[in-house]
Amino acid sequence: MWVRAMVTATVARARVVTGAVAVAAVVLAASGGPVGAAHAAAGSAWVRAEAWFAPPAAFIPSPAVTYDTALVPAASWIEVVQRGVEGGDTAVMLRVKGMKAGHAYGVHVHQKPCAANPEAAGGHYQHRVDPVQPSEDPAYVNPENEVWLDFTAGTDGSGKATARHGWGFRPGEAASVVLHDEPGGAGDRAACFTVPFAALPEAQESDGAWGV
């Protein structure tokens, strides 16, 4: 079966170099070539990634992999946007289309990229890392310490969610979004989307609200 798949990711990273702020922006497509340009204010991060889900054995592979096509059909769609400010808040936004109407999904940011094996994405990204892995302690597995994007699909199969935190991702430790078959902190893995989340240097907790 031929399944169309495409991903577009826009990443803006900020890095302090001898007192000056350097900003780099990259736009990537499934072809691997640049398709445009991104802009970001100094000290900010912006990531936008979208794709159509495909089974692991699809002729054209996709960064969005479905393991349960009854809940996440092939050719259903996902978009993830991350926006952050250095030393401030981070927001992660999720939009989906084509899901099972009326179903409640659990969604979390995970540590590793997706693969054919659902377990390849590792565990949930945690701001405070549980010293006991795999993590099951509610003191660590909760929406404040992790990025939860649970949603219930509407009658048209669409859904959306937003999570905001006063901390940012550590470099290389957040790499995917996993859709589970039930809301909350657990559930079987129905699908996975590899996302190039950005990390800002010296991310610190903030009490301020950051609107998107």
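## Surface and conventions

Accessible areas come from the Shrake-Rupley method with a 1.4 Å probe, and for residues only the protein chains shown count as cover. On that basis the protein chain exposes about 10200 Å². Carbon and sulfur atoms supply 56% of this area.

The model is predicted: local features need pLDDT of at least 70, side-chain atom pairs count only at pLDDT 80 or more, and totals for chains, interfaces and linings use all residues. Residues are numbered from 1 along each chain as its sequence is written, and side-chain values use heavy atoms, with hydrogens and water left out.

## Fold overview

The protein chain has 11 strands and 0 helices. Both are DSSP runs numbered from the N terminus: helices are H or I with at least four residues, strands are E with at least two. Along the sequence, the pattern is β-β-β-β-β-β-β-β-β-β-β.

The chain has 212 residues, and 46% of them are buried. Buried means under 20% relative accessible area, exposed means over 50%, and partly exposed lies in between (1.4 Å probe, protein chains only). A contact means heavy atoms within 4.5 Å. Of the contacts with a separation of 6 or more, 64% join residues 24 or more positions apart.

## The five-stranded sheet

An open sheet of 5 strands runs in the order β4-β11-β10-β7-β8, with antiparallel pairing. β4 and β8 (151–152) stand at the edges with a single partner strand each, so one side of each has no neighbour in the sheet. Two strands pair if DSSP finds at least two bridges between them.

Strand β10 (residues 176–180) has partners in β11 and β7. With β11 (residues 189–194), β10 pairs in the antiparallel sense over 5 bridges. With β7, β10 also pairs in the antiparallel sense over 5 bridges. Leu179 of β10 is the bridge partner of Val107. Leu179 also stands opposite Ala191 in β11.

How much of β10 is buried? 5 of its 5 residues are, so β10 is largely enclosed by the rest of the structure. In a regular strand the side chains alternate between the two faces of the sheet. In β10 both faces are covered: Ser176, Val178 and His180 are buried on one side, Val177 and Leu179 on the other.

## Nonpolar cores

In soluble globular proteins, nonpolar side chains tend to be buried together. A nonpolar core here is a set of buried Ala, Val, Leu, Ile, Met, Phe, Trp, Tyr and Cys residues joined through side-chain atoms within 4.5 Å. The largest has 36 residues. Val72, Ile78, Val80, Met99, Phe169, Leu179 and Phe197 touch the most other members. The elements giving two or more residues to this core are β3 (44–52), β5, β6, β7, β9 (159–165), β10 and β11. β3 gives the most, with 4 residues. Apart from this core lies another, of 5 residues, among them Val65, Cys114, Ala121 and Cys192.

Beyond four places in sequence, the residues that Met99 touches include Phe53, Val72, Ser76, Tyr105, Phe151 and Leu179.

## Ser76, a buried loop residue

Ser76 is found in the loop between β4 (64–66) and β5 (77–85). Ser76 is buried, with a relative accessible area of 3%. A polar atom of its side chain lies 2.6 Å from the backbone oxygen of Pro73. Leaving aside neighbours within four places, Ser76 is in contact with Ala51, Trp52, Phe53, Lys97, Gly98 and Met99.

## Salt bridges

A salt bridge is a side-chain nitrogen of Lys or Arg within 4 Å of a carboxyl oxygen of Asp or Glu. By this rule the count comes to 5. Arg95 and Glu79 form one, with the closest N and O atoms 2.8 Å apart. Arg95 is in β6 (residues 90–97) and Glu79 in β5, 16 residues apart. Arg95 is partly exposed at 38% relative accessibility, whereas Glu79 is buried at 8%. Arg48, Glu50, Glu79 and Arg95 are linked in a network of salt bridges.

Glu119 and Arg189 meet at 3.7 Å, N to O. Glu119 lies in the loop between β7 (104–110) and β8 and Arg189 in β11, so the pair ties together parts 70 residues apart in sequence. Glu119 is exposed at 53%; Arg189 is buried at 18%. Glu173 and Arg170 form another salt bridge, at 2.8 Å, N to O. Glu173 is partly exposed at 33%, and Arg170 is partly exposed at 26%.

Terms used: A polar contact is a pair of N or O atoms within 3.5 Å; within protein, one must be able to donate a hydrogen and the other to accept it, and residues adjacent in sequence count only if both atoms are side-chain atoms.
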